[in-house]
Amino acid sequence: MVPMRYLEEMARGLDARAALREASRCLLCLDAPCSKGCPAGTDPGKFIRSLRFLNEEGAAYVIRINNALGALCARLCPTESLCQKGCLRAGLDKPVDIGGIQRYLTDLEAENGWEFLSPGEDTGKKVAIVGSGPAGLEAAAVLRSYGHGVVIYEKEEQAGGVLRYGIPAYRLPEEVLEREIKRILDLGVELRTKAEVGRDVDSDALKKEYDAVLYCIGYTKGKVVEPFKGKENVVSALDLLRKIKKDPASFKAPENVLIVGGGDVAMDVIGSLKRLGSRRLVCVAYEELGEFRASQKEFGDALKEADSIIAGYVPESYDGKETVFRHRFLESRLSIKADLTVLAVGQTYEAEGLPLVFEKGTVKGTFHTSGDPKVFFAGDIAPEKGKLVVHAVKSGKEAAMIIDRRIGGHKNGK
Ligand SMILES: Cc1cc2nc3c(=O)[nH]c(=O)nc-3n(C[C@H](O)[C@H](O)[C@H](O)COP(=O)(O)OP(=O)(O)OC[C@H]3O[C@@H](n4cnc5c(N)ncnc54)[C@H](O)[C@@H]3O)c2cc1C
């Protein structure tokens with residue numbers, strides 16, 4: 001049995017009254033800094049205004065046509081550093097809860113069965129997308145809206161990328177993800193799962209079959225660093241979260257766990273293991289407290305769930321059970337024994353057999369275009385700033401627009 005605490009969405013949404021109250025707090029700024037603060041162009045200034053004048057359907061429409069994954073961004077965006085960062089209302093009391101409003105509207109869209117996306121007139125052009133994370137899904141929605149045929153190749157059994165196999169259920173319920181993916185597939189996108197390009201599917205054959213190939217392969221491999229390489233009782237955070245998400249019912253949480261790292265991924269490991277029954281969770285990070293990369297919200301939750309979070313230590317040695325850390329600046333050492341050590345120290349790509357050249361962890365190329373006129377890329381592997389879902393959405397959207405222009409199919413895209 002999977003504990004309900006793991007499956008149930010932790011954050012409560014706003015009800016109609018609270019959403020309207022939030023919208024009424026908006027100062028209706030002329031230059032809408034909130035809209036400028038959304039990388040994906042979801043345009044909060046516009047949807048908040050529609051809600052404020054009681055046009056809920058119009059408000060939900062603005063979100064969806066600008067961001068095919070609007071319900072996911074509503075839940076996953078660290079809004080304090082994006083749209084809400086520039087909110088002028090903060091000068092009076094606190095920023096408008098833009099994430100809360102977006103979630104209310106996208107939930108309402110689902111309840112009412114509103115459908116705002118539709119495929120464009122058939123162009124006869126075909127695009128292959130490799131990877132079904134947020135970048136691939138957004139690109140698929142945009143390309144279908146232009147009327148191009150789209151086939152997604154995904155190496156896993158199900159679509160979604162990190163949304164499916166990384167982010168825990170208590171932050172992103174399965175049914176919300178399913179709804180978002182179904183809406184895009186219903187546009188006429190073909191999904192081929194268990195199809196790893198570079199292994200099961202030849203990348204050259206894709207180039208021959210399609211007018212363009214878009215790689216959105218993400219960072220699917222967790223890094224294992226010294227002194228943990230090749231040792232037992234160590235797992236990368238990505239592997240652990242993937243294992244839990246694939247089969248939470250048969251996952252047996254270890255009693256005492258050491259988590260190394262201080263970003264959102266480390267916080268997800270803490271939240272998941274706590275809910276699944278681990279007794280002692282200790283997190284040790286290289287960063288000092290003020291430098292932690294985790295979002296305010298995730299860090300705040302983890303502070304309540306971990307037994308201790310220790311900042312400023314570097315792992316020095318590990319014998320399969322006990323890790324010795326030294327402090328970054330002070331003459332101080334720390335030794336911690338655990339049943340399992342989880343490394344949340346970064347992710348990297350797996351690109352064997354793919355026509356992509358990497359430089360410093362991202363694909364070499366300019367604005368989603370590689371040196372090959374048929375090969376494009378987007379999402380985490382692109383060199384543009386930002387490694388969040390909303391950045392992947394932005395990236396997928398931009399890549400789709402560039403492909404449209406290159407293949408010249410869409411009647412307005414030339
Ligand atoms: C644990 C975790 C928690 C996170 N939490 C948040 C959060 O709360 N908010 C936020 O904004 N961001 C969060 N992020 C970051 C965010 O999830 C990523 O930035 C985003 O998913 C990147 O999207 P993507 O489409 O580029 O790649 P991914 O989501 O990684 O998807 C890539 C897809 O490509 C597939 N693939 C790879 N290689 C092949 C191949 N050769 N053939 C076929 N398929 C292939 C993979 O299986 C995968 O499905 C989190 C990341 C992690 C790891």
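**Figure 1. Polar contacts where domain 2 meets domain 3.** On the side of domain 2 that touches domain 3, the residues split into 7 nonpolar, 2 polar and 3 charged. Keep in mind that this is a predicted model. Salt bridges turn up here too: 3 of them cross the interface of domain 2 and domain 3. In the E156–K246 salt bridge, the side chains come to 2.8 Å, N to O.

Figure 2. The contact between domain 2 and domain 3 draws 12 residues from domain 2 and 12 residues from domain 3.

**Figure 3. Helix 4 and its neighbours.** Helix 4 covers residues 44–52, and its buried residues are P44, G45, F47, I48, S50 and L51. Those buried residues pack against helix 2 (16–24), helix 3 (33–36), helix 5 (56–66) and helix 7 (98–112). Look just past the end of helix 4 and you'll find L54, with a positive phi of about 65 degrees.

Figure 4. R103 and D107 pair up through their side chains in a salt bridge of 3.7 Å, N to O. The two residues are 4 apart in helix 7, so about one helical turn separates R103 from D107. In an α-helix, residues three or four places apart point the same way, because there are 3.6 residues a turn. Both R103 and D107 are buried.

Figure 5. D301 and K304 form a salt bridge, their closest N and O atoms being 3.9 Å apart. Both lie in helix 14 (residues 296–305), 3 residues apart, which is about one turn of the helix. D301 is buried at 17% relative accessible area, whereas K304 is exposed at 69%.

Figure 6. The E331 and R333 side chains meet in a salt bridge at 3.6 Å, N to O, and E331 is exposed, with 75% relative accessibility. Elsewhere, R64, E109, E115, E180 and R183 are tied together in a salt-bridge network. Across the structure, the count comes to 36 salt bridges.

How values were computed. Residues are numbered from 1 along each chain as its sequence is written. This is a predicted model: local features need pLDDT of at least 70, side-chain atom pairs count only at pLDDT 80 or more; totals for chains, interfaces and linings use all residues. Side-chain values use heavy atoms; hydrogens and water are left out. Contact means heavy atoms within 4.5 Å. A salt bridge is a side-chain nitrogen of Lys or Arg within 4 Å of a carboxyl oxygen of Asp or Glu. Ala, Val, Leu, Ile, Met, Phe, Trp, Tyr, Cys and Pro count as nonpolar, Asp, Glu, Lys and Arg as charged, and the others, Gly among them, as polar. Buried means under 20% relative accessible area, exposed over 50%, partly exposed in between (1.4 Å probe, protein chains only).
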